[in-house]
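Hi there,

Here is the model I promised to pass on. Please have a look at it before you read my notes.

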Amino acid sequence: MSQRAPLQLDVRDRLIVALDEPTGAQALAWVDRLGDAVSFYKIGMELLASGDYFTVLDALAKRDKKIFVDLKFFDIPATVAGVIAGLSRWPVTFATLHGWHAPMLEAAANARSGELRLLAVTVLTSMDRGDLGAMGIDADPREVVVQRALAAQAAGIDGVICSGQEAALVRAAAGAGFDIVCPGIRPAGSAIGDQKRVMGVAEAFAAGANAIVVGRPIRQAADPRVAAEAMQSEIAALVK
């Protein structure tokens, strides 16, 4: 299956902030607080449980924010295809699905339409080789990430979610037209928390990331808007 044209992101769209909040009101309060410092938001499973998910999605669209639906779909091909076909009707830029089953990936790629771009989750940034071993996978995360990235690319998926530690390997293997979005970003001095494979802002972009996802380092900062603007300035100096 042929790959679509690479996504063209404005410089300020390369910082994606995770709205990991339990209610829609709390999520939108963060959007108000961050203002024009952030133009792209990720909404995930914590918000889904609130019942406010699509209310927030619609509110973000009305505020001209780009939207990343991070629900990591994984099911039989027909079910995932139906979800992706439905989600394609919403103003969403990115959506995630687990990159573990080629027929499911192919079904999703065939079902998407419009501007929606699909990202395959390779290995969660909270996992290391020991975690993979517990799942019966005797390989380094770098090997698994590249293998899954190439399988996703062959299935027609637009890109991957991977840690910055694997971004250079994925870029070398998959080429310039493949989207790479890196979570697990931890600026100098930030707490690692439950993450295991982390990288700084500049290092992730130098390794080939198209965009980064940041949550707690912004939300837990003394001044979150200043923290977001500092990252935007760092990205602007790196991405031409």
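This is a predicted model: local features need pLDDT of at least 70, side-chain atom pairs count only at pLDDT 80 or more; totals for chains, interfaces and linings use all residues.

Residues are numbered from 1 along each chain as its sequence is written, and side-chain values use heavy atoms, with hydrogens and water left out.

Eight strands form a closed barrel in the order 1-2-3-4-5-6-7-8, with parallel pairing (strands are DSSP E runs of at least two residues, helices H or I runs of at least four, both numbered from the N terminus; two strands pair if DSSP finds at least two bridges between them). Strand 4 (residues 94-98) is joined to strand 5 by five bridges, and His 98 sits opposite Val 121 of strand 5.

Thr 122 lies in the loop between strand 5 (117-121) and helix 6 (129-134). Thr 122 is buried, at a relative accessible area of 1% (buried means under 20%, with a 1.4 Å probe and protein chains only). Its side chain reaches the backbone oxygen of Ile 161 at 2.7 Å.

Then there is the largest nonpolar core, with 69 residues (a set of buried Ala, Val, Leu, Ile, Met, Phe, Trp, Tyr and Cys residues joined through side-chain atoms within 4.5 Å). Leu 15, Ile 43, Val 69, Val 170 and Ile 212 touch the most other members. Helix 5 (residues 102-111) gives this core its largest share, six residues.

Best wishes

Technical notes
Buried means under 20% relative accessible area, exposed over 50%, partly exposed in between (1.4 Å probe, protein chains only). A polar contact is a pair of N or O atoms within 3.5 Å; within protein, one must be able to donate a hydrogen and the other to accept it, and residues adjacent in sequence count only if both atoms are side-chain atoms.
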